[in-house]
Amino acid sequence: MLEITKAALADGREIIYFDDTPHTDRVLEDSRELPQVTPASEMRRDPLTGDWVAFAAHRMNRTFMPPANENPLAPTLPGQLPTEIPSPSYDVVVFENRFPSFAMGMEDYEDDVDGMGLVPRLPAKARCEVVCFTSDPELSFKDLPVSRIRTVIEAWAHRTSALSALPEVAQVFPFENRGAEIGVTLQHPHGQIYSYPFLSPRMKSIVASSQAYEGDLFQDILDKERAAGTRIIAETEHFTAFVPAAAKWPLEAMVMPNEYAADFTELSEAQRDDLAALLKKLYIAVDRFFDGVEKTPYIAGWNLAPTDPTLRGDVRMHLQLFSLMRSPNRMKFLAGSESAQAVWINDTTPEHIAARFKEVWDA
């Protein structure tokens with residue numbers, strides 16, 4: 001039985017505990033004296049691409065690779081420095097980011113940069129949260145028992161529902177960055193949930209492709225990938241894991257429900273159980289993918305349908321998990337073509353990626 005407990009940190013930010021085991025030592029009061037951080041996030045629309053760009057100058061001095069005894073995501077233990085999590089133990093915990101890219105509470109305004117009439121400027125109103133997967137700093141997502149991954153899925157569903165209800169939010173994006181190679185600033189096993197006040201460029205493209213397609217694009221992708229079989233990694237009763245036929249990254253996998261679901265809130269109990277078991281195997285395979293690499297750096301992002309009711313039917317939720325590592329301990333750098341023109345040149349093929357996943361899946 002999952003127990004959900006809400007509290008507030010010293011500066012008023014919300015913290016939520018998701019417990020699948022009893023915690024008789026639970027502490028809810030934050031003993032710290034925290035200065036108020038006043039986010040001043042704004043967004044400007046690029047007149048050439050039409051994409052929104054966010055600015056969050058208050059994040060410049062956020063925590064970066066602290067020593068183990070100053071880990072802000074660890075539980076607060078007696079005699080040690082207090083952390084972002086007042087309780088001495090927890091299973092999964094979610095709290096508002098202290099240095100968010102997007103933030104609520106700012107005054108409304110609408111103007112144009114330097115009065116040019118070209119670059120609209122608005123407050124970047126949304127909410128960013130941190131999700132700690134475990135209190136043990138030595139673990140990774142793959143090390144979690146299936147039951148704990150199931151609790152993480154419940155946390156994702158809970159927060160997706162809450163953030164989607166904010167009138168300013170257009171899209172909710174749970175994700176995890178792992179590895180110093182890709183810029184992680186805290187090594188403790190955790191993810192984040194960004195909500196956006198606009199659709200990301202990727203989501204805009206997905207919606208446009210889905211709307212332009214005659215039929216169900218996502219179902220056809222699954223049906224045709226299954227028929228081909230070449231890039232299928234694993235199939236379960238409720239989900240399929242496969243390498244996209246146009247994969248951009250040297251390691252890339254996609255997980256999609258076999259039946260339509262817009263986001264985590266629409267998954268049944270059976271689907272959530274099934275997904276937890278599949279994710280456990282997938283993340284283990286990711287760490288087996290490169291010979292001699294114990295922890296593969298990766299980004300795992302959940303593409304959830306937009307909050308706009310008129311667009312939700314156009315997108316089936318799916319996980320995109322990828323790594324910037326192109327061979328053991330060698331990273332793919334996004335240079336001229338990728339960074340400047342968003343034209344990807346992959347150093348391998350989707351078929352080779354899928355074949356490698358199959359080799360290590362049950363190793």
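Over residues 215-360, the chain is 34% helix and 22% strand, with the end C-alpha atoms 35 Å apart; helices (H or I, at least four residues) and strands (E, at least two) are DSSP runs numbered from the N terminus. In an unreviewed UniProt entry, this stretch is annotated as "domain: Galactose-1-phosphate uridyl transferase C-terminal". The model is predicted, so local features need pLDDT of at least 70 and side-chain atom pairs count only at pLDDT 80 or more, while totals for chains, interfaces and linings use all residues. Residues are numbered from 1 along each chain as its sequence is written, and side-chain values use heavy atoms, with hydrogens and water left out.

Beyond its neighbours within four places in sequence, F264 is in contact (heavy atoms within 4.5 Å) with residues including I153, W156, L275 and W302.

Helix 4 also packs against helix 6 (residues 350-361), at an angle of about 105 degrees and with axes 9 Å apart. The two helices are therefore roughly perpendicular to each other, a label for angles of 65 to 115 degrees. From helix 4, L278, K281, L282, A285, V286 and R288 meet R356, F357, V360 and W361 of helix 6.

Methods
UniProt positions are given in the numbering used here, feature names are shortened, and annotations may be inferred rather than shown by experiment. Axes are lines fitted to C-alpha atoms, for helices over the stretch in contact, and angles run from 0 to 180 degrees between N-to-C directions. Angles under 35 degrees count as roughly parallel, over 145 as roughly antiparallel, 65 to 115 as roughly perpendicular and the rest as oblique.
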